[in-house]
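This briefing goes through the two chains shown below, one topic at a time. Terms are defined where they come up.

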Amino acid sequence: MKAPSNHKSHTVILSLALAILTVLAMFLCATMGVVDLDMKTLFQTPIFWNLRLPRVCLVVIVGAALSVCGTTYQAVFRNPLTDPYVLGISSGASLGAALAILMGLEAHLFGIGSMALVSALLTILLIFKVASIGNRMHTTSLLLTGVCLTFLITAVISLLMALHHDKMESIIFWTMGSFASASWMDVWIVLPIVILGIAVVLYYSRDLNLLLTGSETAQSLGVDVEKVRRRLLFFTTLMVAFCVSACGVIGFVGLVVPHCVRLLIGSDNRRIVPLSIFAGALFLLLCDTMARTLIPPNELPVGSITSLVGAPMFIYLLYKSKRKL
Amino acid sequence: MLSIQNVTYSYGDKEILHDITATVNDGDFCAILGPNGCGKTTLLRCIANLTKPKEGSITINDTPVSTLPPRIMAQNIAFVMQHPQTDIDFSAFETVLMGRNPYQRRLQNESEQDWSIVEQCMRQTNTWHLRLSTPSQMSGGELQRVMIARALAQQTPILLLDEPTSNLDIAHQFEIMELLRDINHKKGKTILIVVHDLNLALRYCPETMLLHDTKLIYKGPTREALTPERIHEVFEVEASIMDDYLKIDKV
């Protein structure tokens, strides 16, 4: 067996290496773009400082947050198919954004984003309220409530779009997710919540392992299941709400990055959580850079790039690991 | 000392346990016997504080279990459940290591001591050679022994087991019971075990709690608990004792 000390230092070293890699990749991606300038001129332009840099920062933050949330949900719900949007937070945010677009708030600095955030937070409150019995939270009810609410809200959005043809395009574009309008303001709003949320998940990462063995077993092994589950869900949903409000719905990252990490390093969440921070960040950075550079000067929806790149990658990993068994 | 005082439990309108009072002394090896649905598992779950009785209380050394936080509970009572999880991807070693959770601080890694306790518990249950296997690669008996190893790694004074032998062939049933007797003798661990095989109880467990129709009808030495009359009353079968064994027939 491996010595106990090795195990932790491996993860720390790997995380550090990935952190450095992420910073380098951010810098590299920020130098690439439609406007092709040499380095020296580029550093003197606002294109670099006020457009590309905040954009890559937001991408990295959201990528990390989504994959950590996915990891957490998959353990808390003991269901490999859960992703950060499963509780309906994304549809809640979309409804807020759709309403903001219909009311013509696009021009306002915080118009769409703040409406999306408020309605995402209301959705969370509603779901937690419905799925709590006394002070206990039933995970299956929580999942089902989330799925039902997603259908309900999606239906409302469809109706809104049907009644307002002229705004249809901008609503659809918002829901597909994009970092095109990322600003430093977005970064400063989302970053603290994401740091806090990830810290909470890291703090409880051993409990995630125990939760995977079932709530009664976890309880009998000393986990305060109700408390831990409640805190994890609270902070992760908060992260998701802020991310969705800042950049719309970006699928696939939160579902598949945790699984890829798991296939590569095993099922110990004390390693999966730190590594999925960087795996998610790097993956989304790659996808967003492709989205904005593949067919200049147009931009592709980043959500479709994540699936186009991610799905084959995941299937390959799955295939490879199956052969190993 | 584990003390069960006037415990009543009901699920909806249906009473599962009715006014159970019993004391289990330190170092006892006690079988919980009774027909299906008489509340044996519920009693264990109440003792482990996984569910709360409607009335009455359960105390360990005069402290009610309902007041103990999960972490302290897990340092006092280990629970081997009826159906071990088979759909998870943790190796046997990682599984047993989880038994050390109640002693570990957050963000801290396992100590050398945790590792040596895990190895010792796995060797004791004859599972050390399985340490890299996942549940899906193990047989029912092997998995059951891993679960017992995890419970041992919790180093609790009290061990609860819910039908640990129910899916095992006769040789493995003996193996598990011998292991438990060994633990009971050498470490003085208090063991409460739900079993269905009356002869296993007779052979290995000096004490018995006999449950019937939500009530505790006998608590005491197994040999005195299992009389032909009582077996007839509880299980509705004819039994006779032959050379320390029960011969059981249908009515």
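Two residues count as being in contact if their C-beta atoms, placed from the backbone, lie within 7 Å. This is a predicted model, in which local features need pLDDT of at least 70 and side-chain atom pairs count only at pLDDT 80 or more, while totals for chains, interfaces and linings use all residues. Residues are numbered from 1 along each chain as its sequence is written, and chains are lettered from A and ligands numbered from 1 in the order in which they are written.

**Met138 of chain B**

- Met138(B) touches Leu130(B), Ser133(B), Leu143(B) and Val146(B), leaving aside residues up to four places away in sequence.
- Met138(B) sits in the loop between helix H4 (112-124) and helix H5 (140-153) of chain B; helices (H or I, at least four residues) and strands (E, at least two) are DSSP runs, numbered from the N terminus.
- Met138(B) has 18 other C-beta atoms within 10 Å and is therefore partly exposed. A residue is buried if 20 or more other C-beta atoms lie within 10 Å of its own, exposed if 12 or fewer, and partly exposed in between, with C-beta atoms placed from the backbone.
- A distance of 27 Å separates the C-alpha atoms of Met138(B) and Ala31(B), which are 107 residues apart along the chain.

**Chain B as a whole**

- Chain B contains 9 helices and 12 strands.
- Its radius of gyration is 18 Å, close to the 18 Å that the globule rule gives for 251 residues, so chain B is as compact as a globular protein of that length. The radius of gyration is taken over C-alpha atoms, and the globule rule is 2.2 Å times the number of residues to the power 0.38.
- The C-alpha trace of chain B spans about 55 × 40 × 35 Å along its principal axes.
- Of the 251 residues in chain B, 43% are buried.
- Of the contacts in chain B with a separation of 6 or more, 64% are between residues 24 or more positions apart.

**Chain A as a whole**

- Chain A has 14 helices and 2 strands.
- A compact globule of 325 residues would have a radius of gyration near 20 Å, and the 20 Å of chain A agrees with that.
- Along its principal axes, the C-alpha trace of chain A spans about 55 × 45 × 35 Å.
- Buried residues account for 47% of the 325 residues in chain A.
- In chain A, 77% of the contacts between residues at least 6 apart in sequence join residues at least 24 apart.

**Helix packing in chain A: H4 and H5**

- Helix H4 (residues 89-102) and helix H5 (residues 111-131) of chain A have axes that come within 7 Å and cross at roughly 140°. Axes are lines fitted to C-alpha atoms, for helices over the stretch in contact, and angles run from 0 to 180 degrees between N-to-C directions.
- H4(A) and H5(A) are therefore oblique to each other; angles under 35 degrees count as roughly parallel, over 145 as roughly antiparallel, 65 to 115 as roughly perpendicular and the rest as oblique.
- H4(A) and H5(A) make a right-handed crossing. A crossing is left-handed if the near helix is turned anticlockwise from the far one by less than a right angle, and right-handed if clockwise.
- The contact of H4(A) with H5(A) has 14 nonpolar, 5 polar and no charged residues. Ala, Val, Leu, Ile, Met, Phe, Trp, Tyr, Cys and Pro count as nonpolar, Asp, Glu, Lys and Arg as charged, and the others, Gly among them, as polar.

**Helix packing in chain A: H5 and H6**

- H5(A) packs against helix H6 (residues 139-163) of chain A at an angle of about 135°, with the axes 9 Å apart, and that makes H5(A) oblique to H6(A).
- The crossing of H5(A) and H6(A) is right-handed.
- From H5(A), Thr123(A), Ile127(A), Val130(A) and Ala131(A) meet Ser141(A), Leu142(A), Thr145(A), Gly146(A) and Leu149(A) in H6(A).
- By class, the contact of H5(A) with H6(A) has 5 nonpolar, 4 polar and no charged residues.

**Contact between the chains**

- Chain A gives 21 residues to the contact and chain B gives 25 residues.
- On the side of chain A that touches chain B, helix H1 (4-31), H9 and helix H10 (215-220) of chain A each supply at least two residues.
- That side of chain A has 7 nonpolar, 9 polar and 5 charged residues.
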